[in-house]
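Dear colleague,

I am passing on a structure that I would like you to look over when you have time. The sequence and coordinates come first, and my notes on what was found follow below them.

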Amino acid sequence: MDIIKLVNATYNYKVFNDDGTQSFAVGVDDVTLDVVQGEFLTLVGHNGSGKSTLAKLLNGLFVPQKGSVSVLGMDTANEKNLFEIRKNVGMVFQNPDNQMVASIIEEDVAFGVENVGIPHPELGERVRWALESVGMEQFAKKTPHKLSGGQKQRIAIAGALAIKPQVLVLDESTAMLDPQGRKEVLSVAKKLNEDFGMTVVLITHFMEEVLQSDRVVVMQRGKIIATGTPSEIFSERQLLENAGLKVPRTIELAQKLKESGWQVEENTADAKALGEMICQLL
Amino acid sequence: MSIVVKDLNYVYNPKSPFETRALHNVNLTIEDGEFVAIVGHTGSGKSTFVQHLNALIRVQSGSLVVNGINLHDKKCDLKKVRSLVGMVFQYPENQLFADTVAQDVEFGPKNMGMSQEEIDVCVKNAVELVGLDWETVKNKSPFELSGGEKRRVALAGVLAMQPKVLVLDEPTAGLDPVGKHEILTLVKKLNEEQGVTVIMVSHDMNEVYENARRIIVMKDGAVVYDTTPEDLFALEDEIVKMNLEVPYMAQFCNYLRKHHVKLPKGVRTVDEVLKAVNALKGGSNV
């Protein structure tokens, strides 16, 4: 079942030139895409490819100038739908420091739930559940300022989760984190997808993060240029490079070894497993 | 032009309940023209250390001598130190402020008191050095440029001061793979062709492995390893224990070496490893 449907969606930005004229910069250009219930979808693209613009179309933060976007059958262009749409599409952004609204973590997580009108005691239960789901329950009474970037992003995810959305959109939520923080956020996203069947849309340009997804969408200059499973996408090395992206190093090596005549699995992402294959061939 | 660090210690908020020891007996020497990476976990003291190098943080105890200037001396020539050591912070594009690229890049040299003729030459050279076309960008607002271009303008602003040492704090954070590659190629070029000493803080071990010729690992304010990329990442278990990543190509080579496959030293990039593996069977056909 499709949860989110984009049909020929276009969104451009207005540019005010020095000479007083106006022009447009492409955000998202004529994109048609279905987000299927329960899938882990990863959206990749170079800086400025339109990934984040597309993310903002998914819950009506932006309304397409041409075409349409609908969530659970509700059109995002109709303002009356927006409350219901945003309850169902939770979003976490890039900068962990910009998303904290309260000085105590459980209050921060409660902010969204309170706004959708959930009464006590369910409010408290949801906050507890959300914090448990991201593994941060022991921090409930603490202040967010002393957390690491990865922990802050997990709190932001908990805040979105407590509203019990159907879809969680992570808009470059790992971009500003160190490797440890990135791992934390990714494993939480994977867990939510597997354990609760939550639909996850992950937006990133770390190609290693693509590996765990069901489906990958590649964007370039506002358009979708490829869709497929991670291994289908990785086999298009040239296409990715033209789009400003790169295949993870291990997969690149595996592919090049195969091209040189070694009988190895070409989409091996684990460097040790690739080493083992070579050892057996020697 | 060398940097000599002896018994450097630093404590934040000394003699208060918030006292935190950030550097602990750091001893090292960085020679002219080196490409050094500093790695370590968040909070390991990397930033505190590099901020000492151009006296943004003053020496509390121990000594730090940059090109013969003793930074422990309260009256040392700060202007001189800061023109020798250029500092590029994280997300440097956030520091762009002027109306045009030319004005932004000339801010540093102007403050250093260069003459207008000198400034014009430095600014143009710096912008071209970072791979931007001077005529196209000089009158553009830096805010109209793409993410990677903005970062290069910010870098040009530091390079225009012609530093002998370039300190970069996570220069590729937030960029897409091609943007990353562009910045690293530029830094490498500065190091190899202009002889600029590069000190780069990074979390990306793959990037460090392929570019740096020396890696300093910091943990809890102390230097725990100071060695070549090959020797460092051969210690796979220790690296993992410190919660750092082992570069993919190092993992691959370590596995082969552990299983008695002989590989030449210094193969670090995908293509170098590929060539080495292909050479094992004396040709490309197996």
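Strand E1 (residues 3-12) of chain B pairs with E2(B) in the antiparallel sense over seven bridges, where strands are DSSP runs of E with at least two residues, helices are runs of H or I with at least four residues, both numbered from the N terminus, and two strands pair if DSSP finds at least two bridges between them. Within this pairing, Tyr10(B) stands opposite Leu23(B) in E2(B). The two strands belong to an open sheet of four strands in chain B, with the order E2-E1-E4-E5 and antiparallel pairing, and its edge strands, E2 (20-30) and E5 (69-70), each pair on one side only.

Please keep in mind that this is a predicted model, in which local features need pLDDT of at least 70 and side-chain atom pairs count only at pLDDT 80 or more, while totals for chains, interfaces and linings use all residues. Residues are numbered from 1 along each chain as its sequence is written, and chains are lettered from A and ligands numbered from 1 in the order in which they are written. Chain B averages a pLDDT of 92, with 98% of the residues scoring at least 70; pLDDT is the predictor's confidence in each residue, from 0 to 100. For the complex, the predictor gives an ipTM of 0.86 and a pTM of 0.86.

Turning to the interface, 32 residues of chain A are in contact with 31 residues of chain B, contact being defined by C-beta atoms, placed from the backbone, that lie within 7 Å. On the side of chain A that touches chain B, the elements giving two or more residues are helices H6 (179-196), H9 (249-259) and H10 (271-281) of chain A, and H10(A) gives the most, with eight residues.

The domain assignment of chain B gives domain 1 (32-56 + 77-245) and domain 2 (247-286), with bounds that come from an automatic or database assignment. Their C-alpha centres lie 31 Å apart, and nine residues of domain 1 of chain B are in contact with nine residues of domain 2 of chain B. Helix H8 (205-211) and helix H9 (229-234) of chain B each supply at least two residues of the side of domain 1 that touches domain 2.

Helix H11 (residues 248-258) of chain B is mostly covered, since eight of its 11 residues are buried, that is, have 20 or more other C-beta atoms, placed from the backbone, within 10 Å of their own. Among these buried residues are Tyr248(B), Phe252(B) and Leu256(B). What covers them includes H9 and H10 of chain A together with H8, H9, H10 (236-241) and H12 (270-280) of chain B. H11(B) is followed by His260(B), whose phi is positive, near 60 degrees.

Finally, the largest nonpolar core has 157 residues, and those with the most contacts inside it are Ala158(A), Val201(A) and Ile38(B); such a core is a set of buried Ala, Val, Leu, Ile, Met, Phe, Trp, Tyr and Cys residues joined through C-beta atoms within 7 Å. Domain 1 and domain 2 of chain B both give residues to this core, so it lies between them. Leaving out residues up to four places away in sequence, Ile38(B) touches Lys46(B), Phe49(B), Val50(B), Ile199(B), Val201(B), Ile216(B) and Met218(B).

With best regards

Definitions and conventions: Buried ≥ 20, exposed ≤ 12 C-beta atoms within 10 Å, placed from the backbone. Contact = placed C-beta atoms within 7 Å.
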